[in-house]
Amino acid sequence: MPTSIGDFNNAVKGLNIMKVVQYCKILEREKILLKIGTKDQSLVGPCYVSIVESPKNELNESYDLLCEGFLAIRNNFENSVFPVIAHISELDLDIGTAFYLRTVTGFYIITAFHCVDKMINIQIPVSENDFIKPKRAFKSSNKKIDIAVLEIDSLEKNHKPLFTDECKILDEILTIGYPPIPGFDAFQIAELSTINSTIRASRGNVLGNNNSYLDGLDYLLINARVKGGNSGSPIISKLGYACGVLVNIPSDPNDKTKLDDLGYGLGLSSKEIEAIINGIGTEKTTELNIDLTENGFKIK
């Protein structure tokens with residue numbers, strides 16, 4: 001039924017009417033609400049109907065995040081994106097990124113497979129003294145799909161899981177990750193011009209999803225400023241969904257030993273994450289052998 005801002009405000013007590021007006025304008029612009037007239041000429045007179053289905057996120061916070069913007073998304077999920085500290089040898093370390101995901105089948109940690117493959121020990125800290133101890137680990141049976149899925153128990157409430165959804169070309173997105181910064185320990189990086197330089201998340205646009213002639217996979221090309229440690233970072237939509245995972249930084253076309261100076265990143269769609277999880281127990285998904293260690297695990 002068409003509902004005016006005034007009707008809504010009367011039905012739900014304690015709302016900030018100015019925020020409701022602001023949200024309605026944003027949702028109208030995003031083609032989620034359709035304005036169909038007004039009851040009067042007052043601030044609370046406009047009438048709307050919803051023209052889309054409810055969001056998939058069962059926490060019902062997606063439209064709040066859309067209206068409040070990417071800063072709210074970063075604040076909402078900063079405790080759900082973790083560094084992956086990979087011990088290549090006793091002396092050499094590498095770093096990547098992982099994130100906390102929920103589906104109808106359970107709770108998972110998602111990262112790029114190359115961040116955990118052939119490492120002698122892997123640590124994914126969720127707090128100062130607590131590390132991820134996966135119950136099971138999986139990858140696609142397609143060796144070209146660079147995604148690792150770690151099945152875990154649910155984390156504490158301050159870690160809000162992401163849900164998956166799709167994104168389209170030219171959608172605004174957010175990545176949060178742990179690129180290596182010389183001289184510093186791993187810390188979460190964002191790159192928004194209005195945010196303090198010590199905590200920055202990278203924001204960009206999905207430029208294209210093209211078929212790679214090299215391996216036949218569909219990638220998302222994003223223009224966020226990303227570096228090696230961003231591998232495994234979530235690609236987050238403006239509704240707060242994980243629409244992909246960053247898996248690679250393209251090489252300079254003139255020098256394959258250099259990373260692309262422009263900083264473009266390649267991601268795999270959330271469809272590939274869902275395919276691995278939905279394929280557990282079938283030939284489409286390969287279960288990996290795990291050895292738990294004192295502060296982490298390794299994949300055999």
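Student: Is Glu166 buried or exposed?

Tutor: Glu166 is exposed, with a relative accessible area of 51%. The cut-offs are these: buried means under 20% relative accessible area, exposed over 50%, and partly exposed in between, with a 1.4 Å probe and protein chains only. Bear in mind what you are reading. This is a predicted model, where local features need pLDDT of at least 70, side-chain atom pairs count only at pLDDT 80 or more, and totals for chains, interfaces and linings use all residues. Residues are numbered from 1 along each chain as its sequence is written, and side-chain values use heavy atoms, with hydrogens and water left out.

Student: Which residue meets Glu166 in a salt bridge?

Tutor: Start with the general idea. Side chains of opposite charge can pair when their charged atoms come close. The test is a side-chain nitrogen of Lys or Arg within 4 Å of a carboxyl oxygen of Asp or Glu. Here the partner of Glu166 is Lys271, at 3.9 Å, N to O. The pair links distant parts of the chain: Glu166 lies in the loop between β11 and β12, Lys271 in helix α5, and 105 residues separate them. Lys271 counts as partly exposed, at 48% relative accessibility.

Student: How many salt bridges does the whole structure hold?

Tutor: The search finds 10. One of them joins Asp7 and Lys39, at 2.7 Å, N to O. Asp7 sits in helix α1 (residues 5–11), while Lys39 is 32 residues away in the loop between β2 and β3. Asp7 is partly exposed at 30%; Lys39 is exposed at 54%. Another joins Asp153 to Lys135, with the closest N and O atoms 3.1 Å apart. Asp153 is exposed at 51%, and Lys135 is partly exposed at 47%.

Student: In what order do β1, β2 and β3 sit in their sheet?

Tutor: Strands of a sheet pair through backbone hydrogen bonds, either parallel or antiparallel. Helices (H or I, at least four residues) and strands (E, at least two) are DSSP runs, numbered from the N terminus. Two strands pair if DSSP finds at least two bridges between them. Here 3 strands form an open, antiparallel sheet in the order β1-β3-β2. β1 and β2 stand at the edges with a single partner strand each, so one side of each has no neighbour in the sheet.

Student: Which residues pair up across it?

Tutor: Take β1 (residues 3–4) and β3 (residues 46–50), joined by 2 bridges. Thr3 partners Tyr48, and Ser4 partners Cys47.

Student: Which residues of the largest nonpolar core touch the most other members?

Tutor: In soluble globular proteins, nonpolar side chains tend to be buried together. A nonpolar core is a set of buried Ala, Val, Leu, Ile, Met, Phe, Trp, Tyr and Cys residues joined through side-chain atoms within 4.5 Å. In the largest core, of 30 residues, Phe99, Ile110 and Ile147 touch the most others. Elements that each supply at least two residues include β5 (93–103), β6 (106–111) and α5 (270–278). Helix α4 gives the largest share, 4 residues. A second, separate core has 22 residues, among them Ala98, Val116, Met119 and Ile124.

Student: How many helices and strands does the protein have, and what share of its residues is buried?

Tutor: It has 5 helices and 23 strands. Buried residues make up 47% of the 300.
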